[in-house]
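Good morning, and thank you for coming.

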Amino acid sequence: MPELVVPSLNANDETYVLTEWLAGPADWVGSGEPVAVIETSKAASDLVAGDEGYLSQRVTAGTTCQPGDAVAWLGPTARSEEHTSE
């Protein structure tokens, strides 16, 4: 199942905050579609899906994350997932 991974957005920050989900749990998202907003110390950026599928959120809005963290999965079927904290 493809993971939605936080990219490195700048060299100044070691952590970012996922401030908002733009797509809900179990929503179908297409490749290239913005699904979340990631905030750095300087700007907010959209996190886009690299694949298509049903979104299973792994973290809640407001979670601090690092580049490389998997914050969601994209699957072939909708499933109900509880958020976890990392």
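Predicted model: local features only at pLDDT ≥ 70, side-chain atom pairs only at ≥ 80, totals over all residues.

In which sense do strand β1 and β8 pair, and over how many bridges? Strand β1, residues 3–5, and β8 pair in the antiparallel sense over three bridges. Two strands are said to pair if DSSP finds at least two bridges between them. Within this pairing, Glu 3 stands opposite Trp 73 in β8.

Residues are numbered from 1 along each chain as its sequence is written, and side-chain values use heavy atoms, with hydrogens and water left out.

Let us take the chain as a whole. It contains zero helices and eight strands. These elements are DSSP runs numbered from the N terminus: helices are H or I with at least four residues, and strands are E with at least two. For 86 residues, a compact globule would have a radius of gyration near 12 Å, and the chain agrees, with 12 Å. That radius is taken over C-alpha atoms, and the globule rule is 2.2 Å times the number of residues to the power 0.38. Along the principal axes, the C-alpha atoms fill a box of roughly 40 × 25 × 20 Å.

I return to β8, which also has β6 as a partner. Strand β6, residues 53–57, runs antiparallel to β8, and four bridges join them. Here Leu 55 stands opposite Leu 74 in β8. Is β8 buried or exposed? Six of the six residues of β8 are buried, so this strand is largely enclosed by the rest of the structure. Buried means under 20% relative accessible area, exposed means over 50%, and partly exposed lies in between, with a 1.4 Å probe and protein chains only.

Leu 18 touches, among others, Ile 38, Val 59, Cys 65 and Val 71, not counting residues up to four places away in sequence. Contact here means heavy atoms within 4.5 Å.

Asn 10 is found in the loop between β1 and β2, and Asn 10 is buried, with a relative accessible area of 19%. Its side chain reaches the backbone nitrogen of Asn 12 at 2.9 Å. Pro 25 lies in the loop between β2 and β3 (28–29) and is partly exposed, at 48%. Leaving aside residues up to four places away in sequence, Pro 25 touches Leu 55 and Gln 57. Pro 25 and Asn 10 are 15 residues apart in sequence and 28 Å apart in space, C-alpha to C-alpha. Gly 50, in the loop between β5 (44–48) and β6, counts as exposed at 55% relative accessibility.

Note on methods: Polar contact = N/O pair within 3.5 Å; in protein donor to acceptor, adjacent residues only side chain to side chain.
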